[in-house]
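Trainee: I am new to this structure and would like a close look at one part of it, the salt bridges. Please take me through them slowly.

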Amino acid sequence: MQALRRVFALNQNASWTRTVLATQQKSCLLSSSSILDIGIGLSAEKRQIQELALTFTQNEVAPHMQKWDAEHIFPVEMFTKTAALGFGAIYCKEEHGGSGLSRLDASLIFEAIATGCVTSSAYLSIHNMCAWMIDSTGTEEQRAKWLPQLAPMSRLASYCLTEPGSGSDAAALKTTAKSDGNYYVLNGSKAFISGAGATDLYLVMCRTGADGPKGISCVMVEKDTPGLSFGKIERKLGWNAQPTREVVFENCRVPKSNRLGPEGSGFGLAMRGLNGGRVNIASCSLGAAHASLLAAREYMTVRKQFGKQLAEFQALQFQLAEMAAQLVSSRLLVRQAAQSLDSGDPGAPAVCALAKLHATEQCFDVCNRALQLFGGYGYLLDFPVQQYLRDSRVNCILEGTNQVMRMLPCS
Amino acid sequence: KYIHIINKADMAASKGLKILVGCKRVIDYAVKVRVKPDRSGVVTEGVKHSMNPFDEIAVEEAVRMKEKKLAGEAVAISVGPPQSQETLRTALAMGIDRAIHVEIPLAQLEKLQPIHVSKLLAKVCESEKPDLVILGKQAIDDDCNQTGQMLAALLDWPQATFASKIEPSQDSKQLRVTREVDGGLETIDVSVPAVVTSDLRLNEPRYATLPNIMKAKKKPLAKMSPDQLGVDLQPRQEVISVEDPPVRKAGAKVESVEDLVGKLREKGLVK
């Protein structure tokens with residue numbers, strides 16, 4: 001089977017470091033004591049879904065993680081494969097090709113894929129969020145048109161809210177959509193848009209009415225629409241396997257039939273999308289921390305100093321225990337947030353904010369500690385923890401900064 | 001002895017073969033296996049398990065034969081602990097129609113041998129009456145490579161082991177199986193019913209998909225016990241100890257071919 005063949009091929013072709021890392025990654029991700037069991041507390045059915053995502057990740061994602069980062073490759077082919085498994089529209093209704101599953105299932109899938117590449121899992125979650133926005137709010141025509149393309153990921157989507165002048169203060173956005181007969185004319189620009197230039201459909205939050213959140217609508221803009229252009233690809237600390245660019249609208253005419261939901265409902269839709277988006281991004285952080293923790297644990301049984309394995313030093317054992325506490329507590333909170341969304345709990349947005357706040361910060365710390373445990377090798381690009389660290393750092397910033405996450409439960 | 005006669009008419013025209021596929025739950029291939037401190041076996045508790053890779057290939061082949069309309073029904077069977085049900089669910093999610101779990105109590109599990117498994121499978125074949133049994137060529141935990149051969153002998157069916165290709169024979173009345181043997185590839189025709197064991201290059205197994213995982217939940221999974229099947233699980237072997245292989249010793253570099261030959265002679269490896 002693919003996995004066996006890959007092990008044979010690795011030993012013949014790749015460099016020593018890569019071979020050791022790849023086999024280490026596989027074996028250390030797989031042998032687990034119960035506290036580090038990635039399926040902790042899950043039913044057999046949920047474990048089966050998680051199993052599928054993990055196996056796919058080991059075979060099709062993890063082996064390429066470093067290359068995609070180094071060469072800035074956006075792995076569209078790999079996304080198509082995930083979509084063939086049903087990962088393109090996980091929590092959209094089955095009617096038009098969605099998988100009809102829950103936010104918890106989605107969290108498990110994004111966490112699993114993030115153990116093999118945080119960036120790819122993050123983009124997959126953004127695409128899923130956009131598909132859901134169309135599925136939950138679109139008209140029958142809009143759903144029938146777009147979901148059959150988004151579910152198989154034959155067309156990809158991006159979410160456009162942030163602007164150069166409005167990040168946390170999202171409702172202050174300035175991109176206008178002026179009415180002109182059956183069209184809107186869009187003017188303005190969006191910043192830090194994930195996938196921009198490589199994706200096909202842009203869900204744009206723009207101003208159709210007065211100032212403030214109630215004047216905002218969500219309009220779908222297709223690639224190649226005249227007046228739509230992109231800034232340069234940003235050079236980033238991480239998430240290199242995904243282009244991030246400004247999206248510019250200059251008298252961009254978009255049919256009014258591309259508006260999602262009534263005028264003035266765009267901000268609410270954007271925020272509802274983000275509730276799920278926060279669970280998803282937090283799930284990506286879980287995957288990064290899980291992989292980093294297991295890698296560090298494995299390394300500590302190999303590296304010897306002062307005549308002993310690193311694993312025999314109590315100070316370092318305590319590090320691992322603390323990291324495990326950070327990871328497992330984050331995991332449980334994220335999954336609880338997912339379940340709150342699934343059960344329609346009115347308090348869900350606050351739980352999602354807490355989960356995002358806690359998990360992204362704790363998991364970044366886990367990656368950072370794991371890097372320290374690797375010593376000098378942790379700093380080398382040949383070793384994977386630095387990539388998990390760089391890729392998970394932005395999770396504390398996007399989809400609502402962790403400072404905004406502190407505001408939400410208080411309001 | 002069990003005798004099963006089927007209509008030898010053209011296979012393509014018939015309803016299709018009924019296939020029984022064996023799946024074993026084993027320690028995942030990528031796990032670093034550790035020996036238990038008491039040297040009675042290896043650590044299995046808390047260790048990741050999955051379907052034996054050769055059995056995944058067998059399941060995949062059965063599903064492909066269904067898709068090609070060579071087979072009508074594919075049934076998966078697993079002999080093992082309660083957790084073997086997860087293995088069967090994976091098979092169902094890959095496209096198998098229904099599953100049978102022969103549950104082995106924990107106490108007897110460690111002493112289970114291919115002879116027992118083949119007897120259990122033979123009994124199931126009596127009631128299920130498959131036209132073809134596909135098993136993995138060997139399990140990656142014990143590497144026995146016996147169950148398929150023993151099963152064929154118990155049933156007095158032809159066997160085609162180490163299959164890298166299965167197709168209808170030229171006259172469509174038999175199966176043409178290409179086998180991977182030491183000398184290369186051997187092609188034989190076997191009449192059904194038959195036992196085939198899968199080798200690595202038979203196919204590349206598919207991933208389950210989310211919709212198929214959901215559909216699999218509704219597929220039937222029947223449970224049986226060895227007592228119901230009337231098979232005695234009395235162990236024939238006793239494991240005395242399980243140990244790590246010896247630690248690899250350092251080698252030595254030699255400067256010339258003469259030196260090499262001299263060293264080999266010294267060690268008595270060459271006359």
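Mentor: A salt bridge here is a side-chain nitrogen of Lys or Arg within 4 Å of a carboxyl oxygen of Asp or Glu. Side chains of opposite charge can pair when their charged atoms come close. The model is a predicted one, and over all chains the count comes to 41 salt bridges.

Take Arg143(A) and Glu95(A), whose side chains meet in a salt bridge at 3.3 Å, N to O. This pair links distant parts of the chain: Arg143(A) sits in helix H8 (residues 140-150) of chain A, while Glu95(A) sits in the loop between H5 and helix H6 (103-114) of chain A, 48 residues apart. Arg143(A) is buried because its relative accessible area of 6% is under 20%. Glu95(A), with a relative accessible area of 51%, is exposed, since the cut-off for exposed is over 50%. Both residues also belong to a network in which salt bridges that share partners join Lys93(A), Glu95(A), Asp135(A), Glu140(A) and Arg143(A).

Another salt bridge in chain A is between Glu60(A) and Lys81(A), with the closest N and O atoms 3.0 Å apart. Glu60(A) lies in helix H3 (residues 44-61) of chain A and Lys81(A) in helix H5 (residues 76-84) of chain A, so the pair ties together parts that are 21 residues apart in sequence. Glu60(A) counts as buried, at 11% relative accessibility, whereas Lys81(A), at 40%, counts as partly exposed.

Chain B has a pair of this kind in Lys137(B) and Asp199(B), where the closest N and O atoms are 3.0 Å apart. Here loops are linked: Lys137(B) is in the loop between strand E6 (132-136) and helix H5 (147-155) of chain B, and Asp199(B) is in the loop between strand E10 (194-198) and helix H6 (210-216) of chain B, 62 residues apart. Lys137(B) is buried, with a relative accessible area of 18%. Asp199(B) also counts as buried, at 5% relative accessibility. For residues 39-233 of chain B, UniProt gives the feature "domain: Electron transfer flavoprotein alpha/beta-subunit N-terminal", from an unreviewed entry. That span is 33% helix and 29% strand, and its end C-alpha atoms lie 23 Å apart.

Salt bridges also cross between the chains. The count between chain B and chain A is three. One of the salt bridges joins Lys32(B) to Glu298(A), the closest N and O atoms being 2.7 Å apart. Seven residue pairs are in polar contact between chain B and chain A. On the side of chain B that touches chain A, helix H1 (53-67), helix H2 (84-94) and H6 of chain B each supply at least two residues. The largest share, four residues, comes from H6(B). By type, the residues of this side of chain B divide into 14 nonpolar, four polar and eight charged.

As for the contact as a whole, 26 residues from chain B and 29 residues from chain A take part. The two chains bury about 2,500 Å² between them, 63% of it on carbon and sulfur atoms. Tyr29(B), Tyr207(B) and Leu210(B) supply 30% of the area that chain B buries against chain A, more than any other three residues.

Terms used: Residues are numbered from 1 along each chain as its sequence is written. Chains are lettered from A and ligands numbered from 1 in the order in which they are written. This is a predicted model: local features need pLDDT of at least 70, side-chain atom pairs count only at pLDDT 80 or more; totals for chains, interfaces and linings use all residues. Side-chain values use heavy atoms; hydrogens and water are left out. Buried means under 20% relative accessible area, exposed over 50%, partly exposed in between (1.4 Å probe, protein chains only). UniProt positions are given in the numbering used here, feature names are shortened, and annotations may be inferred rather than shown by experiment. Contact means heavy atoms within 4.5 Å. Buried area is the accessible area (1.4 Å probe) that two parts lose on being put together, summed over both. A polar contact is a pair of N or O atoms within 3.5 Å; within protein, one must be able to donate a hydrogen and the other to accept it, and residues adjacent in sequence count only if both atoms are side-chain atoms. Ala, Val, Leu, Ile, Met, Phe, Trp, Tyr, Cys and Pro count as nonpolar, Asp, Glu, Lys and Arg as charged, and the others, Gly among them, as polar.
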